Amino acid sequence: MDMRGEVGRRVRMLRRGVLGWTLGRLADEVGISRSYLEKIEAGRRDPSIGICDRTAGLLGVSLTELVGDGAAGWDGVVLETVARIRGLGVDPEALSAWLARRPCPGTPVTQESPDHTQAPAVRTTEENGMSAESGNGEGTQMRRKAPRRDRIAVSLGKRITRLRRTLRPMVTQDALAERIGVSRAYVSKLERGEVDLPLSLAARVAKILQVPIGKLICDDGKGDESEKWHRVALEACRTFSGLGMKPEEAAPSIRWLTNLLASYMRKGLKRK
């Protein structure tokens, strides 16, 4: 599957499985037509980095997580877990410690059990960067302020300039333009942040500059936070997969975990 198809599959999986949103609702939130989003999900359209960024924010994942290269561990259940636990608004460090005390899914779990009454600390909206409502069986409803496109374009342009100049031998604007099949003027506008780069071109630029696309497009200063949530998601998969099982086999237990957390948080808020 090519990158467009993979990104489309991830968008569709998160929209349906985590948010439970219709095509029309997500399209309205992103600011594109329903038919355009439908073609993105089917892998028939080449979304820009700006559109991918706005979509990722609404889906509860980072741009890098949505458009990443799909390296080992980046399967559907890990991405779904990232979105679900971030949407709950819990602190990742607290969740890691809480997961370490969990039994395997086959162990009977009761709400009266002393090991399970302390849920991870809830992060505030300001700390978490999004507002969240506790989910039900349809998944957690998440909303996040859409990032400004020009900020993404400017940071991406600066990153391309820096990477191009640090390569040895250095890649000139003319050489980069020729290799990705655009004009030099286009590359110049791209590096000034005046172009919302299509996803397929971003993949080509990343290959020429010899970096993963995730490193090319990532927001400065947000890589550590994304990696932290990724690590917690992997811990959740390992905790509930059992020895010798693949992560995707743990998907039902992951959903059970997030629904259980949501229940604890609702009860805790009511007590307050």
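Pro198 touches Asp46, Pro47, Ser48 and Tyr186, residues up to four places away in sequence not being counted; a contact here means heavy atoms within 4.5 Å. This proline is found in the loop between H11 and H12. Helices (H or I, at least four residues) and strands (E, at least two) are DSSP runs, numbered from the N terminus. With a relative accessible area of 23%, Pro198 is partly exposed, where buried means under 20% relative accessible area, exposed over 50%, and partly exposed in between (1.4 Å probe, protein chains only). Pro198 and Gly50 are 148 residues apart along the chain, and their C-alpha atoms are separated by 8.6 Å.

The structure is a predicted model, in which local features need pLDDT of at least 70 and side-chain atom pairs count only at pLDDT 80 or more, while totals for chains, interfaces and linings use all residues. Residues are numbered from 1 along each chain as its sequence is written, and side-chain values use heavy atoms, with hydrogens and water left out.

The loop between helix H11 (184-191) and helix H12 (199-208) also holds Arg192. Arg192 counts as partly exposed, at 46% relative accessibility.

The protein chain as a whole has 15 helices and two strands. Of its 272 residues, 49% count as buried. Among contacts with a separation of 6 or more, 71% are between residues 24 or more positions apart.

Two packed helices are described by the angle between their axes and the distance between the axes. The axes of helix H1 (residues 3-19) and H6 come within 10 Å and cross at roughly 50°; axes are lines fitted to C-alpha atoms, for helices over the stretch in contact, and angles run from 0 to 180 degrees between N-to-C directions. H1 is therefore oblique to H6, given that angles under 35 degrees count as roughly parallel, over 145 as roughly antiparallel, 65 to 115 as roughly perpendicular and the rest as oblique. On the H1 side the contact is made by Arg10, Met13, Leu14, Gly17 and Val18, and on the H6 side by Gly76, Leu79, Glu80, Ala83 and Arg84.

Glu80 is found in helix H6 (residues 76-88) and counts as buried, at 6% relative accessibility. Beyond its neighbours within four places in sequence, Glu80 is in contact with Met13, Leu14, Val18 and Arg255.
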